[in-house]
Amino acid sequence: MLRALSKSHAAAVRILAPRAAVLVETVRGRKSRFDPKAKSKADRIKVPSYSNAKDMFRLNVRFSEYQLLVRAIRFMFTEKRKKRKYEEEKGTLAEERVRKEKEEHRALMAWNDAENLKQRIIREERLKKITEAKELKLREEVLLHQKEQEIYIKEKEMLILQLQEEVKNFITQQNLDERIEEALNNPKSYNYAIDKTGQITKRTAFQ
Amino acid sequence: MPRYDMFLVLKSMQRPETAATLRRIVENLFEHGAMVRSMENLGERRLPYAISKHGSRHKHGGYFAIDFYSSPTILKNVLDNLERDIDVLRPTIVKNNTERPPKQCHGVHEKDPWKIN
């Protein structure tokens, strides 16, 4: 039977690819046609397999019945499965589910938006307070700076006025001689003595 | 302009010569663009130690102080001229800081430079 099978195979291949250069022989085993029989198989008597027409007939009938049943059951199951799958994806329950999910999603999004709004209000309040505080501080600082500037300018003006007064006493080319005479006439001494009680004596021994 | 004090030790001379020296010095200052505020005579006295200058040794000298305002760039020139003047034994020019108010003492604990206020 195997040989027959193999032969038919070879024939089929030839039909399929008549022009193929290489013929693919689907032969099982290592022996070729002309190899001698193996020693272990020398006593082998080829006995045809059991066959009885009555039995065969009965078997065939029963087998076909069996196959019918099994097929019916299989188809029943597959139908059930497919139906269930269809129900899941496109049936009424599925619609319900989808609708519910959408509803839930919408509700959650709405809640989220509400929360965001709340937080936003709080945040804006906070930021407003901070900016107001900053502005206030800035304004105060500016005022302070201005005041300091004014004080500084006043001080400097005072100094300028003082200097203007003192300029009248400066030495110039005209009063140079007079001033020299005056200086030579009036020797000044910055020496003084002080004792432990804090009494200052300006008259000292002058060399 | 910053304010400077010039302290001079002049050779002990007769009055007209001292006057002439002082006049010369002040005119030199005027030439360099200074404003002379005042001049003081601190007396003719014995020097604390003998000063040898311009080839002679002196034991007495006249002390004078001149207060002036000027640009700091002229000081080098003025000092050079004074050094060369044979009547001047010891010229000194020093900055006068009396117009600046003294810094407030914050005590031992210094202000943290990284702290605001």
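**Figure 1. Residue classes in the lining of the second largest pocket.** Sorted by class, the residues lining the second largest pocket comprise twelve nonpolar, three polar and eight charged residues. The model shown here and in the other figures is predicted. The volume of this second largest pocket is about 620 Å³. Its lining is made up of 23 residues, and those closest to the pocket centre are A:Lys156, A:Leu159, B:Tyr69, B:Glu99 and B:Arg100.

**Figure 2. Helix 3 of chain A and strand 2 of chain B at the second largest pocket.** Helix 3 (92-167) of chain A and strand 2 of chain B each contribute at least two residues to the lining of the second largest pocket. The greatest contribution to this lining, ten residues, is that of helix 3 of chain A.

**Figure 3. The interface of chain B and chain A.** In this view, 23 residues of chain B are in contact with 22 residues of chain A. In chain B, the residues that lose the most area to chain A are B:Arg15, B:Arg37 and B:Asn41, which together account for 28% of what that side buries. The two chains bury about 2000 Å² between them, with 57% of this area on carbon and sulfur atoms.

**Figure 4. Polar contacts and the elements of chain B that touch chain A.** Eight residue pairs are in polar contact between chain B and chain A, both residues of each pair being at pLDDT 80 or more. On the side of chain B that touches chain A, two or more residues come from each of helix 1 (15-31), strand 2 (35-53) and strand 3 (56-69) of chain B. Strand 2 of chain B supplies the largest share of that side, namely twelve residues. By class, the side of chain B that touches chain A consists of ten nonpolar, four polar and nine charged residues.

**Figure 5. Salt bridges across the interface and within chain A.** Side chains of opposite charge can pair when their charged atoms come close. Over all chains, the count of salt bridges is 16, and three salt bridges are found across the interface of chain B and chain A. A salt bridge joins the side chains of B:Arg23 and A:Asp177, at 2.2 Å from N to O. Within chain A, A:Glu115 and A:Lys118 form a salt bridge in which the closest N and O atoms are 3.3 Å apart. Both A:Glu115 and A:Lys118 belong to helix 3 of chain A, where they are three residues apart, about one turn of the helix.

Methods: Residues are numbered from 1 along each chain as its sequence is written. Chains are lettered from A and ligands numbered from 1 in the order in which they are written. This is a predicted model: local features need pLDDT of at least 70, side-chain atom pairs count only at pLDDT 80 or more; totals for chains, interfaces and linings use all residues. Side-chain values use heavy atoms; hydrogens and water are left out. Contact means heavy atoms within 4.5 Å. Buried area is the accessible area (1.4 Å probe) that two parts lose on being put together, summed over both. A salt bridge is a side-chain nitrogen of Lys or Arg within 4 Å of a carboxyl oxygen of Asp or Glu. A polar contact is a pair of N or O atoms within 3.5 Å; within protein, one must be able to donate a hydrogen and the other to accept it, and residues adjacent in sequence count only if both atoms are side-chain atoms. Helices (H or I, at least four residues) and strands (E, at least two) are DSSP runs, numbered from the N terminus. Ala, Val, Leu, Ile, Met, Phe, Trp, Tyr, Cys and Pro count as nonpolar, Asp, Glu, Lys and Arg as charged, and the others, Gly among them, as polar. On a 1 Å grid over the protein atoms alone, a cavity is a set of points where a 1.4 Å probe fits but cannot get out, and a pocket is an open set with protein on both sides within 12 Å along at least five of seven lines; lining residues have an atom within 4 Å of a point. Grid points are joined across faces, edges and corners, and a volume is the space filled by probe spheres set on the points.
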